[in-house]
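Hello,

Here is the structure for your files. Please open it alongside this note; my findings follow below.

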Amino acid sequence: MSAWTNRSHCVGTVPGGDRVVAHSVWRAAWQRAGVTVLSVVADGRAMVDHLITDARIVGPSRVQRGDIAIDGAEIVAVGADLSGEPSSVIDADGRVALPGMVDVHCHMHDPALFPEDIDFATQTASAVAGGVTTVVELPTQTPVTTVSAFREKREACERLAHVDFGLVVGNVRDADLDADGLVGAGTAGFKTFTADPYCADDRTIVDLMDRVGDAGSTVRVHCETQGLMDHARAGIEGDAPELYPDSRPLEAELAAIDQMGWFAEYADCPLHVVHISSGQGAREGARFKARATTPITLETCPQYLAFSTADVPEKGPFLKVNPSLKSPTERGRLWDAVQDGTIDLIASDHFPIHRENRERGWEDIWEPYAGLPTVESNLEFLVSEGVHTGRLSWPRLCELVCARPAREMGVYPQKGAIRAGTDADIVLLREEEWTVSAEQLAYNGGWTPYEGCEWSAVADTVIANGEIAARDHEVLSTPGDGAFLARDTRS
Ligand SMILES: [Zn+2]
């Protein structure tokens, strides 16, 4: 466990110039006595709030042993053997220090859809418990397509947020919107669908890309072709969970990624393909990256790396997700695409729902809403099944879940990097064997698709904006601690 010592000292000068050091509880008494309280001691050592010592710090190209000094909400120094006068010392004892994870695809706040206890407060609490210190919230059922709706949602989320956040405009089904005004309001991007229940027609998507490209932002598309899925569904009889993946064939994803790639090139608009569920889907997207005419970002989610159709008989409705899970072969190919750089970033597509609701899917898989509550578990999964199996290096993991998502959001290096001058968002990971159980998670829906998985990493200590926000999945932050982050479209 982390060793904690409280060495809270004030340093000051008395009239005459001598320096004194004493416990900070005497600060007020000193000031009354005419002592000037300094922030820096005689030998230049900085007064800081937290000093993390002996961490294995993950950078863009290597892992380096060292210390991290935090003052207020900011990292003020990173290096070997930092000295200083910290209020607290966190002895990392060789643990890995990653930048706080940046999850650019979360569904966390929709009072018209989610029950009362599932809101931006409980879901960002779940995020921070798992090492996610920045989230991007995407609309679910309630559209946010006007500047006033955007501002309203921003204010609601600001009151509830445990971590810093961005907001996406969506789900766009009518391209007649104020793209410049929404970019000016700081949106992280615009979301639309080629599939129900928020399906937009081809003309609408092209019009949207045209406007959003001109406004300097990005269109995110859920890529599955609805007509193909309608055809597949019509041929399925029965209600068993195993039938669900058959209703959303691989070809629906491939066709839509291909079409959206051409649309984005035609409209000259940056495209972000969300939640790619197959290795072939990643390859399809890569064709457009190779042409390099307009930027294209390829996202996948851990559920498509963790599970395949082979897991559905056992886990049933607890793996109901859109796009659906694909074959074990596609899952393997998707890992290849993550390893070789085809996939740009990994996000959760977190979707919260109560256990009782989802359990109904054992009887009728078509009934419950699809989606998995995974924001809290993704980092531990990717370390256990990615880094510890040799599939990913620590720097590649950092690129996939910290640096690249932060760039996509326009907030790098403020987020997504451990370096002096950036936000003090840090996860210390403890490498330890454990069996995943929903009971140990902060998530309040009562289940996880990862129940029973054997993992080898725990989010030990999570620091958000310089404060210790969670330890061992126990949340210490409070609603309102997080702030809205506007996307800087110049980055
Ligand atoms: Zn989503």
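**What was found**

The protein exposes about 18,600 Å², and carbon and sulfur atoms supply 47% of that area. Accessible areas come from the Shrake-Rupley method with a 1.4 Å probe, and for residues only the protein chains shown count as cover.

Two notes on reading the rest. This is a predicted model, in which local features need pLDDT of at least 70 and side-chain atom pairs count only at pLDDT 80 or more, while totals for chains, interfaces and linings use all residues. Residues are numbered from 1 along each chain as its sequence is written, and side-chain values use heavy atoms, with hydrogens and water left out.

**Overall build**

The protein has 14 helices and 23 strands. Both are DSSP runs numbered from the N terminus: helices are H or I with at least four residues, strands are E with at least two. The C-alpha atoms fill a box of roughly 90 × 50 × 45 Å along the principal axes.

Of the 491 residues, 59% count as buried. Buried means under 20% relative accessible area, exposed over 50%, and partly exposed in between (1.4 Å probe, protein chains only). Among contacts between residues at least 6 apart in sequence, 74% join residues at least 24 apart. A contact means heavy atoms within 4.5 Å.

On charge, there are 42 positive and 75 negative side chains. The centres of the two sets lie 4 Å apart. Lys and Arg count as positive, Asp and Glu as negative; His and the chain ends are not counted. Each charge is placed at NZ of Lys, CZ of Arg, CG of Asp or CD of Glu.

**The zinc site**

Which residues coordinate the zinc ion? They are His105 (NE2), His107 (NE2) and Asp349 (OD), at 2.0 to 2.2 Å. Donors are N, O and S atoms within 2.8 Å of the metal (3.2 Å for Na, K and Ca); water is not among the atoms, so the site may look incomplete. The donor spacing in sequence is H-x1-H-x241-D. His107 sits in the loop between strand E10 (101–106) and helix H2 (120–129), and Asp349 in the loop between strand E17 (345–346) and helix H12 (355–359), so the pair ties together parts that are 242 residues apart in sequence. Both His107 and Asp349 are buried.

**Pro449**

Pro449 is in the loop between strand E19 (434–435) and strand E20 (454–455). Pro449 counts as buried because its relative accessibility is 1%. Leaving aside neighbours within four places in sequence, its contacts include Phe307, Lys315 and Leu372. Lys315 is 134 residues away along the chain, yet the two C-alpha atoms are separated by 7.5 Å.

**Backbone points to check**

Most residues other than glycine have a negative phi, and most peptide bonds are trans. These are the exceptions to look at.

- Asp196 and Pro197 are joined by a cis peptide bond, with omega about 5°.
- Asn322 and Pro323 are also joined by a cis peptide bond, with omega about -10°.
- Asn465 has a positive phi near 50°.
- His473 has a positive phi of about 70°, and is buried at 9% relative accessible area.

Best wishes
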